[in-house]
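Trainee: I would like a close look at one part of this model.

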Amino acid sequence: MWGTFGSGWEAPMSPLGNRPLGPDESLEHEVPAGLGWLGEAVQLLDGVEDINERSDLRMIRTAAWLDRRVPVDVPWCGLFVGHCLRTALPNAPQPLLRMRARPWKTFGRAIEPQVGSILIFWQVLKRSPFGHCGFYWAEDDECYHVLGGNQRTRIEIQRWPKERLIGCRWPARAVVPPGLRRWRDPSEATPFEGIRRLEPTRAAAVARALGAGAVASGRD
């Protein structure tokens, strides 16, 4: 059973999370000191707070609601990243088009992937405008475990292939990066899933516009 945006909410089910959580499974103890934005992301993942009762999450609720009801993907991964950062760093400037992923490539400063950093990935084609962003939580040999929004229309920890990484950023006004990396078994994150509802004809049109040839499938 999945958590939803419905009027009812029963702890410890996250309203957007990827599975029911046991009484001792909170991930808050795995958030390093000083990374308040990652703590906020974990709060939303674990269902500690009901997002339906928080006015500051109205834009995320609306975008996710639309994403479940229209035939194309509605971008809100960047909204989730922006919200979490703003709770910890309210005065840090954010990209103008923060609801999308690729504008976050210019945020803060470049850094090597580590816990709490913002990871930016390409979708469909590396040169396409499509992308995804979220926070580094962990990694395995082939994928980063990304804590983010708009991952299967939810807030969850999902595997994203390392070969798709196009940027990694750290807030310029934040604490000194701790340089922490951690390994997890692939089974501890939901499987990778690219853009779910990009029609093959639309994908092919994007490929032709970029001079990269046709795309055989709408799912990358």
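Where is the place of D140? Please go on from there to what surrounds that part.

Mentor: This is a predicted model. D140 sits in the loop between β3 and β4. D140 counts as buried because its relative accessible area is 3%, and the cut-off for buried is under 20%. The side chain of D140 is joined to the side chain of R159 by a polar contact of 2.8 Å. Leaving aside neighbours within four places in sequence, D140 is in contact with H145, R159, K162, W183, R184 and P186.

Two of these contacts lead on to other residues. R184, one of the contacts of D140, also makes a polar contact of 2.5 Å, side chain to side chain, with E30. E30 lies in the segment before α1. Apart from neighbours within four places in sequence, E30 is in contact with W137, R182 and R184. E30 and V115 are 85 residues apart in sequence, and their C-alpha atoms are 9.8 Å apart in space.

H145, another contact of D140, is also touched by W137. Not counting residues up to four places away in sequence, W137 touches L27, E30, V31, L38, V42, V115, H145, L147, I157 and R182.

Methods. Residues are numbered from 1 along each chain as its sequence is written. This is a predicted model: local features need pLDDT of at least 70, side-chain atom pairs count only at pLDDT 80 or more; totals for chains, interfaces and linings use all residues. Side-chain values use heavy atoms; hydrogens and water are left out. Contact means heavy atoms within 4.5 Å. Helices (H or I, at least four residues) and strands (E, at least two) are DSSP runs, numbered from the N terminus. A polar contact is a pair of N or O atoms within 3.5 Å; within protein, one must be able to donate a hydrogen and the other to accept it, and residues adjacent in sequence count only if both atoms are side-chain atoms. Buried means under 20% relative accessible area, exposed over 50%, partly exposed in between (1.4 Å probe, protein chains only).
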